[in-house]
Amino acid sequence: MIFAPRSWPSSPGFATTTLIFPATVGQYRNVKLTVVGCSPAWPNPGGAQSGYLVEGDGGRLLLDCGPGVLPRLRAAEGWPRVDAIAITHFHLDHWGDLVPWVWGAQFGPAAELPAPRLFLPPGGRETLATLGAQLGQRDMFESAFDIEEYADGETFEAAGSQVTPLKVLHYQMLAFGFRVADNGTTLAYSGDSGPSDALPELARDADLFVCEATLLAPNPEGGTRGHLASEEAEDAFRASGAKRLLLTHRPAERPLENGLEQVYDGFELEL
């Protein structure tokens, strides 16, 4: 499958760029990562929150769907042709645009399109039903998506990719990172996580580790951890044996100074 080029809106100060991962040229084909949005819990100027589109021969998989992700996808293609969506946890910046997606499916341009499969953490179906009851209809999410729940450590198939969720440390929230294998390529995505042994295992020998680095310094929060500083993300990366690290979920107010790579809205990578 050859993907036609698209124009993605980019954050202020950044050009939309297609990058080639040198370690995989000539080895793996037809797996593409597009960072639709990468803002932390408060949005960066002009930015969308968490949304990472993985395209392979078997389809298109969206990892998380935070506020701003749906309009950015719409700017590229009218209404997103996404086969599956997988949500890491239920903090709003990782799932909030599922709500307007419902309205588009019920009353708008998605009404004639197949419902995407929606993979949720354990208990997620009831979580969305409860929220739906408060927003208008208990079954509103069921009407727009083909909902399934995943289990810790159990691999599921989504849009042709093999996805393994692993529980990570994120305050008291039930949260997961994803290990996505497709066409001989492995992508690890941390979701939101404090430091734990789960992160190196999640990214073990992966071709690419997309890891959050929200904090300016380790452990300013106190108590149960929920996020990483950049040096902690780098420690997890080195322990994992992964080939490349890309940092994400970082506030614009906290620029990196140590030469580590950071994604931005519109960042694209061929694996």
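How many residues lie between β9 and β10 in their hairpin, and which residue in the turn has a positive phi? I found 6 residues between the two strands, and Tyr171 in the turn has a positive phi of about 55°.

Ground rules first. I am reading a predicted model, where local features need pLDDT of at least 70, side-chain atom pairs count only at pLDDT 80 or more, and totals for chains, interfaces and linings use all residues. Numbering runs from 1 along each chain as its sequence is written, and side-chain values use heavy atoms, with hydrogens and water left out.

Entry: overall count. I logged 6 helices and 14 strands in the protein chain. Both are DSSP runs numbered from the N terminus: helices are H or I with at least four residues, strands E with at least two. Buried residues make up 53% of the 271 residues. Buried means under 20% relative accessible area, exposed over 50%, and partly exposed in between (1.4 Å probe, protein chains only).

Entry: the sheet. I traced 6 strands in an open sheet, ordered β8-β9-β10-β11-β12-β13, with mixed pairing. Two strands pair if DSSP finds at least two bridges between them. The edge strands are β8 (156-158) and β13 (245-248), each pairing on one side only. Neighbouring strands are turned by 25° against each other on average, direction ignored. Axes here are lines fitted to C-alpha atoms, for helices over the stretch in contact; angles run from 0 to 180 degrees between N-to-C directions.

Entry: pairing along the sheet. I followed β9 (residues 161-168) into β10: the two are antiparallel over 7 bridges. Val163 stands opposite Val180 in β10. Val180 in turn stands opposite Leu187 in β11. β10 and β11 run antiparallel, joined by 5 bridges. Their hairpin has 2 residues between the strands, and Asn183 in the turn has a positive phi of about 55°. Next, β11 (residues 185-189) runs parallel to β12 (residues 208-212), with 3 bridges. The bridge partner of Leu187 in β12 is Leu208.

Entry: burial of β10. Why do I call β10 (residues 175-182) largely enclosed by the rest of the structure? Because 6 of its 8 residues are buried.

Entry: helices. I checked α6 (residues 230-240), which lies across β12 and β13 at about 150° to β13. In α2 (residues 98-107), the buried residues are Leu98, Val99, Trp101, Val102, Gly104 and Ala105. Their cover includes α1 (69-77), α3 (124-135) and β6 (117-120). Contact means heavy atoms within 4.5 Å.
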